[in-house]
Amino acid sequence: MNQTEITRTLWIYLGQLALSILAAVAIGYFVGFTGWLVAATLAAHLAWHLSRLVMLNQWTHDQKRRPRPSGGKGLWEYAFTAIARGRKESRERKKRLARIVRELRNASTALPDGIVVLDEKDHIIWANQGAGHLLGVQASHDRGRPLANLVRDLRIVNWMKTADEESSLTLDSIRQSGRKLRLRVFPYAADQRLLIARDVTEMARVDAMRKDFVANVSHELRTPLTVISGYVETMAEEVDKDWTPIVERVELQTNRMRSIVEDLLTLSRLEAGDYGDMENLVNCQSLISSIVMEGRALSGGEHEILVQVDENLHLRGSASDLHGAFLNLVTNAVRYTQAGGRIELIWFRDGDRAVFSVSDNGPGIAKQHQTRLTERFYRVSTDRSRESGGTGLGLAIVKHVLATHDAELVIDSTPGEGSTFSCIFDASRVLDHWPETREVS
Ligand code: ADP
């Protein structure tokens, strides 16, 4: 029914109204009581409209599916037809949505993962079957109850307080011994959250096997490599001049392999959570001055190395790991910066945090490589890295050491201008002065 038809019907109705008033006036002219007759005509119209309104009210509030009332041939008929069509469409839409929801729920029960929908107070709105096995949440009778009352695992409850989509929690299941769970949480809609629990036992086992394998292989290679490099050193002193370049190449490659094995062992140790005493007081002034000496020795005077150190800024952590991480950044700067280049080491306070930054005016690193530099064996140029004695594991170790020290590595680099690698330490690790009575680590 279009707008023109409605307008036409309206005009017809107004015409009918005018005619009936005219008829009342005409009759009144002959029999008198014109006013009463016009009033009675208007009252009849009004009564008819009121009766349609009552019908409409009854019909729309009726829960049962009654046939729509008749509206005659006028505007009311249009209104009833339009409402009836709207009601039918909405019923069909509801049915369609209910079917989709049913299918989604059926699909989610087939998922091995546990899924729990939570409201803004972490009360359960819905959960799938997997959540029953993994977390002990049963949608049928736990709806509306706080999640914390059901999972009864403080590690999960505490983590949920600050968790966002970036974070995940891996822990041993308290419901099924020997199983490992990984939890993730995703905020959605206004204040709701989706908690997803996955059984990662198999994944964790494979990961542990991989770590053990790398650690064992590296360990097994260490002794033979030490023996080989001992022989090669002796050979280098003894062999004929013609053989010197060959022996030198063997020595170079053996040393490279030794560095890789050492770096792999360091990574394995860090991955195994063997960090040494993380509460040691580390005197950063002496740590950095020893690193500067090593950097200068490696540079052999080919770079200008500048240092700025806040003497009253120190850290709590593992001195040897921090030494390894800082030294790595400095040796990278020396190795990748052209002779005559400038390298600057700064140890400073940034608010309540502490920052160790190493800047150089070397070749810089293109944007697409920057996010991948801390991956194992990732190099911008493999040849360049090998030539300069790199293993491709240095920044992976740095990232690991920093993570264990509540710190992060920030890389800022512009190709053709240089790079800055900054280690930013959280306030909880920072010491404002060196205690007189404690021993230097
Ligand atoms: P590598 O042993 O190869 O140096 P790293 O993990 O220490 O391994 O570094 C990864 C890669 O990052 C290097 O191969 C190099 O391409 C790049 N890189 C690191 N430091 C710098 C720097 N100061 N300037 C330019 N490139 C760098």
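These legends describe close-up views of a predicted model.

Local features need pLDDT of at least 70 and side-chain atom pairs count only at pLDDT 80 or more, while totals for chains, interfaces and linings use all residues. Residues are numbered from 1 along each chain as its sequence is written, and side-chain values use heavy atoms, with hydrogens and water left out.

**View 1. Domain layout of the protein chain.** The chain is divided into domain 1 (3-99), domain 2 (112-199), domain 3 (207-271) and domain 4 (281-431). These bounds come from an automatic or database domain assignment. Between the C-alpha centres of domain 1 and domain 4 lie 84 Å.

**View 2. A nonpolar surface patch.** Leu 10, Trp 11, Leu 14 and Leu 75 form the patch. Together they have about 380 Å² of accessible area (Shrake-Rupley method, 1.4 Å probe; for residues, only the protein chains shown count as cover). Patch residues have over 30% relative accessible area and no salt bridge, with nonpolar side chains (Val, Leu, Ile, Met, Phe, Trp, Tyr) joined within 5 Å and like charges within 9 Å. A salt bridge is a side-chain nitrogen of Lys or Arg within 4 Å of a carboxyl oxygen of Asp or Glu. Helix α1 (residues 3-31) supplies the largest share, 3 residues. Helices (H or I, at least four residues) and strands (E, at least two) are DSSP runs, numbered from the N terminus. Trp 11 lies in α1. Its relative accessibility is 59%, so Trp 11 counts as exposed (exposed is over 50%, buried under 20%, partly exposed in between; 1.4 Å probe, protein chains only).

**View 3. The largest nonpolar core.** This core has 45 residues. A nonpolar core is a set of buried Ala, Val, Leu, Ile, Met, Phe, Trp, Tyr and Cys residues joined through side-chain atoms within 4.5 Å. Phe 326, Leu 345, Trp 347, Phe 356 and Phe 425 have the most contacts inside it. Helix α11 gives the most, with 9 residues. Both domain 3 (207-271) and domain 4 (281-431) contribute residues, so the core lies between them.

**View 4. Surroundings of Phe 326.** Neighbours within four places in sequence are left aside. Phe 326 is then in contact (heavy atoms within 4.5 Å) with Leu 287, Ile 288, Ile 291, Phe 356, Cys 423 and Phe 425.

**View 5. The mostly covered helix α14.** Of its 11 residues, 8 are buried. Among them are Leu 395, Ile 397, Val 398, Val 401 and Leu 402. The buried residues of α14 pack against α9, α11, β11 and β12. Asp 406 follows α14, with a positive phi near 50 degrees.
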